[in-house]
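Reader: I like to know what stands behind the words used for a model. Could you take me through some of them?

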Amino acid sequence: MENNSTTSATPDSTLVGILTGSPNDLPTVVKVRDTLTELGIKSEIIVASAHRTPDKVFAYLERAHREGVQVLIGCAGVAAHLAGVVAGHTRLPVIGLPLGNGPLTGLDSLLSTVQMPPGVPVATVAIDGARNAAMLAARILALKYPEIDRALEVAARRERERYDLTADEALAKLTS
């Protein structure tokens, strides 16, 4: 099957690989997967540390390339080198999700994720910005998959409708 920019169906294969440096990060990281699932995008979560299990990170990157993963999200707190290490070893788009679980409540993670050397880009979202990491991955994929673009359109419409409610309408929805 030829792979071209007019692909009309999302493949059943995993499109987004979500790497996290610690099992402690999973409560935030699962929100990335849940948002991707809402948009009809198959993803997987891998716990692999750039510092403690670098061989696992590199083995996953080899597998991800082989299996057609198209976007990677690196989630890490404290030293937060995971997204940068991933970006240094792939040509795939990498999104960095700094986590606010360290003594500096994520500022250290944000700075180490966003401050990459020239030629090693990491698109970085806000501290604990799980939903935005997923939405950015979806926007990248939407360039190739029209149905993901349509899912993003529907999600944006729902968000607008949610914020178009009056205060009384919003309160009624919260209490029902």
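This is a predicted model: local features need pLDDT of at least 70, side-chain atom pairs count only at pLDDT 80 or more; totals for chains, interfaces and linings use all residues.

Reader: Thanks! What makes strand E1 largely enclosed by the rest of the structure?

Author: Buried means under 20% relative accessible area, exposed means over 50%, and partly exposed is in between (1.4 Å probe, protein chains only). Helices (H or I, at least four residues) and strands (E, at least two) are DSSP runs, numbered from the N terminus. Five of the five residues of E1, residues 16-20, are buried, so the strand is largely enclosed. Val16, Ile18 and Thr20 cover one side, and Gly17 and Leu19 the other.

Reader: How do you know that E1 and E2 pair?

Author: Two strands pair if DSSP finds at least two bridges between them. E1 and E2 (residues 43-47) have five bridges, in the parallel sense, and Gly17 stands opposite Glu44 of E2. From E1 the chain passes through helix H1 (residues 26-38) to E2 in a right-handed β-α-β crossover. Right-handed says that, with the strands pointing away from the viewer, the path from the first strand over the helix to the second runs clockwise.

Reader: And what makes E1 and E3 a pair?

Author: Here too there are five bridges in the parallel sense, with E3 spanning residues 71-76. Leu19 has Gly74 as its bridge partner in E3.

Reader: Why is the contact between Arg131 and Glu38 called a salt bridge?

Author: The term asks for a side-chain nitrogen of Lys or Arg within 4 Å of a carboxyl oxygen of Asp or Glu. The closest N and O atoms of Arg131 and Glu38 are 3.4 Å apart, so the pair qualifies.

Reader: Why is Glu38 called exposed, and Arg131 partly exposed?

Author: Glu38 has a relative accessible area of 58%, so it passes the exposed cut-off. Arg131, at 34%, falls in the partly exposed range.

Reader: How many salt bridges does the rule give?

Author: Five. Among them is the one between Glu159 and Arg162, at 3.6 Å from N to O. These two are three residues apart in helix H6 (residues 146-163), which means about one helical turn separates them. Glu44, Arg63 and Glu67 are linked in a network of salt bridges.

How values were computed: Residues are numbered from 1 along each chain as its sequence is written. Side-chain values use heavy atoms; hydrogens and water are left out.
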